[in-house]
Amino acid sequence: MNVLILESDKSTYDQLCEMMVQHDNNCIFLGMMTTVQEGRDFFLRNKERVDIIIADTQLSDGLAFYALDDAPEDVPVVFVSATEEYAMKAFEYNSLSYILKPLNEERLYEAIRKTQERLITNEHRKELMQMVKKHAKYRERFFVKTFKSEKIIHISQVRYMVSENKTTYLVLKDGTSYEFDMTLSALAETLNPKLYMRVNRKYIVPEREVERFEHGINGKEFLVLSGDNPPEII
């Protein structure tokens with residue numbers, strides 16, 4: 001199991017590693033990320049699979065949530081913190097557990113067990129999706145619920161797809177949007193990868209809608225869609 005730890009205190013990092021290995025000696029630690037910037041750099045540049053993230057809410061240069069904004073949305077996160085202040089915020093980041101310091105071994109081990117079960121389930125799901133891909137076409141339409149009935153939306157009508165507050169929305173070229181009962185990760189699996197791009201943890205965009213890329217400060221890159229009032233996509 002590949003483990004990434006966001007923690008600015010070396011003694012806490014060592015304690016977490018020791019506790020993880022005692023429970024599962026197959027753990028592989030991907031490094032100690034002490035700052036938000038180190039975490040962001042890892043998620044943006046490193047392609048190595050992460051199975052679980054353990055994150056202190058407060059890193060040396062700010063809140064860990066700013067780094068987790070760039071993390072894969074399907075990776076479970078165990079938060080450790082000296083305060084309950086950010087417990088509600090943690091729910092927005094695929095949180096498995098929120099553990100107060102000093103560290104509680106039982107709660108950490110329970111989170112590890114949940115992660116291992118999820119890994120087995122995800123591997124099975126991937127196998128099924130690969131089988132489906134061999135025998136099925138890519139998605140061409142969506143069935144969405146409206147106030148009065150159900151509506152069919154052809155994929156050519158979609159300007160982009162976005163995940164907000166754990167809800168996926170289809171945003172159409174005419175400015176309307178509809179909730180769609182599927183996670184962004186699952187939705188990406190049903191789309192033609194030659195035509196649709198999963199550009200970050202929040203957005204899927206059709207290549208036909210991309211107008212240009214822009215360079216911002218601090219190394220940020222922005223994808224700009226054609227048309228009026230494009231969303232800010234980093």
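1. Start at Lys166, which sits in the loop between strand 10 (158-164) and strand 11 (167-172); helices (H or I, at least four residues) and strands (E, at least two) are DSSP runs, numbered from the N terminus. Lys166 has a positive phi of about 65° although it is not a glycine. Most residues other than glycine have a negative phi, and most peptide bonds are trans. Lys166 counts as exposed because its relative accessible area is 62%; the cut-offs are under 20% for buried, over 50% for exposed and partly exposed in between, with a 1.4 Å probe and protein chains only.

2. A word on what you are looking at. This is a predicted model, in which local features need pLDDT of at least 70 and side-chain atom pairs count only at pLDDT 80 or more, while totals for chains, interfaces and linings use all residues. Residues are numbered from 1 along each chain as its sequence is written, and side-chain values use heavy atoms, with hydrogens and water left out.

3. Now the overall picture. The protein chain has six helices and 16 strands, and its C-alpha trace spans about 55 × 40 × 35 Å along the principal axes. Of the 234 residues in the chain, 40% are buried. Take the contacts (heavy atoms within 4.5 Å) between residues at least 6 apart in sequence: 50% of them join residues at least 24 apart.

4. Asn94 is another residue with a positive phi, about 50°, although it is not a glycine. You'll find Asn94 in the loop between helix 4 (87-90) and strand 7. Asn94 is partly exposed, because its relative accessible area is 21%.

5. Have a look at the Lys101 to Pro102 peptide bond too: it is cis, with omega near 0°. Pro102 is in the loop between strand 7 (95-100) and helix 5 (105-135).

6. Lys101 turns up again around Ser81. Leaving out residues up to four places away in sequence, Ser81 touches Asp56, Thr57, Tyr98, Ile99, Leu100 and Lys101. Ser81 lies in strand 6 (residues 77-81) and counts as buried because its relative accessibility is 1%. Its side chain makes a polar contact with the side chain of Thr57 at 3.0 Å. For that term, read a pair of N or O atoms within 3.5 Å; within protein, one must be able to donate a hydrogen and the other to accept it, and residues adjacent in sequence count only if both atoms are side-chain atoms. The Ser81 side chain also reaches the backbone oxygen of Thr83, at 2.9 Å.

7. Asp51 is another buried one, because its relative accessibility is 4%. It lies in the loop between helix 2 and strand 3. The Asp51 side chain reaches the backbone nitrogen of Asn2 at 2.8 Å, and a polar contact of 2.9 Å joins the side chains of Asp51 and Arg49.

8. On to the nonpolar cores, meaning sets of buried Ala, Val, Leu, Ile, Met, Phe, Trp, Tyr and Cys residues joined through side-chain atoms within 4.5 Å. The largest has 24 residues, and Leu4, Leu6, Ile53, Ala55, Leu68 and Phe79 touch the most other members. Strand 1 (2-6), strand 2 (28-33), helix 2 (36-45), strand 3 (52-56), helix 3 (65-68) and strand 6 each supply at least two residues of this core. There is a second, separate core of 20 residues, which includes Cys17, Met20, Ile54 and Leu103. In soluble globular proteins, nonpolar side chains tend to be buried together.

9. Ile53 is worth a click. Setting aside its neighbours within four places in sequence, Ile53 is in contact with Leu4, Leu6, Phe43, Leu68, Ala71, Val75, Pro76, Val77 and Val78.

10. A cavity here is a set of points, on a 1 Å grid over the protein atoms alone, where a 1.4 Å probe fits but cannot get out, and lining residues have an atom within 4 Å of a point. Grid points are joined across faces, edges and corners, and the volume is the space filled by probe spheres set on the points. The count comes to one cavity of 30 Å³ or more.

11. Last, Lys148, in the loop between strand 8 (141-145) and strand 9 (150-154). Lys148 is exposed because its relative accessible area is 78%. From Lys148 to Arg212 is 64 residues in sequence and 38 Å in space, C-alpha to C-alpha.

Terms used. 1 Å grid on protein atoms, 1.4 Å probe; cavity = no way out; pocket = protein on both sides within 12 Å on 5 of 7 lines; lining within 4 Å.
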